[in-house]
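Here is a short briefing on one protein model. Look at the structure first, then read the points below.

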Amino acid sequence: MKKSIFLTLFSLFSVGLFACPVCEKQQPKILQGIAHGAGPDGNLDYAIVIGMSIIVLITLFYSVKYIVQPKETNSNHIKRTILNFDEYGQ
């Protein structure tokens with residue numbers, strides 16, 4: 001039962017990931033088959049997307065870095081109220 005529900009949901013979501021034939025003809029060669037709608041109008045659109053992608057990748061890098069190794073050892077840091085909740089009798 002779970003397998004069939006998962007398979008149905010997966011197939012429904014994967015259909016929306018690929019461009020339809022009409023949209024595919026409107027896209028530039030690099031985006032054909034990937035994106036829906038009208039393609040980028042000029043070089044400024046590509047610059048905006050590249051800049052946004054760089055910001056997202058930098059944010060992802062630092063998010064993972066500080067989750068894995070936060071380097072905060074202060075005993076009265078705010079995270080200690082959550083991590084050491086047994087000290088407060090809760």
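## Briefing

I50 counts as exposed because its relative accessibility is 52% (buried means under 20% relative accessible area, exposed over 50%, partly exposed in between; 1.4 Å probe, protein chains only). I50 lies in helix α3. The model is predicted: local features need pLDDT of at least 70, side-chain atom pairs count only at pLDDT 80 or more, and totals for chains, interfaces and linings use all residues. Residues are numbered from 1 along each chain as its sequence is written, and side-chain values use heavy atoms, with hydrogens and water left out.

**Overall build**
- The protein has 4 helices and 0 strands (DSSP runs numbered from the N terminus: helices are H or I, at least four residues; strands are E, at least two).
- Of its 90 residues, 6% count as buried.
- The accessible surface comes to about 8,200 Å², and 69% of that belongs to carbon and sulfur atoms (Shrake-Rupley method with a 1.4 Å probe; for residues, only the protein chains shown count as cover).

**Confidence**
- The mean pLDDT is 77, and 78% of the residues reach 70 or more (pLDDT is the predictor's confidence in each residue, from 0 to 100).
- Where pLDDT is low, the predicted coordinates should not be read in detail.

**Surface patch and aromatic rings**
- I30, Y46, I50, I54, I58, F61, Y62 and Y66 make a nonpolar surface patch of about 830 Å² (patch residues have over 30% relative accessible area and no salt bridge; like charges are joined within 9 Å, nonpolar side chains, Val, Leu, Ile, Met, Phe, Trp and Tyr, within 5 Å; a salt bridge is a side-chain nitrogen of Lys or Arg within 4 Å of a carboxyl oxygen of Asp or Glu).
- There are 2 aromatic pairs (rings of Phe, Tyr and Trp, its six-membered ring, with centres within 6.5 Å; planes under 30 degrees apart are stacked, over 60 edge-to-face, the rest tilted).
- F61 and Y62 pair edge-to-face, at 5.1 Å centre to centre and 75° between the planes.
- Y62 and Y66 are stacked, at 6.1 Å centre to centre and 20° between the planes.
- Y62 and Y66 are 4 residues apart in helix α3, so about one helical turn separates them.

**A buried loop residue**
- Q27 sits in the loop between α2 (21-26) and α3 (43-68).
- Q27 counts as buried because its relative accessibility is 5%.
- Leaving aside neighbours within four places in sequence, Q27 is in contact with Q32, A35, H36, G37, A38, G39 and P40 (contact means heavy atoms within 4.5 Å).
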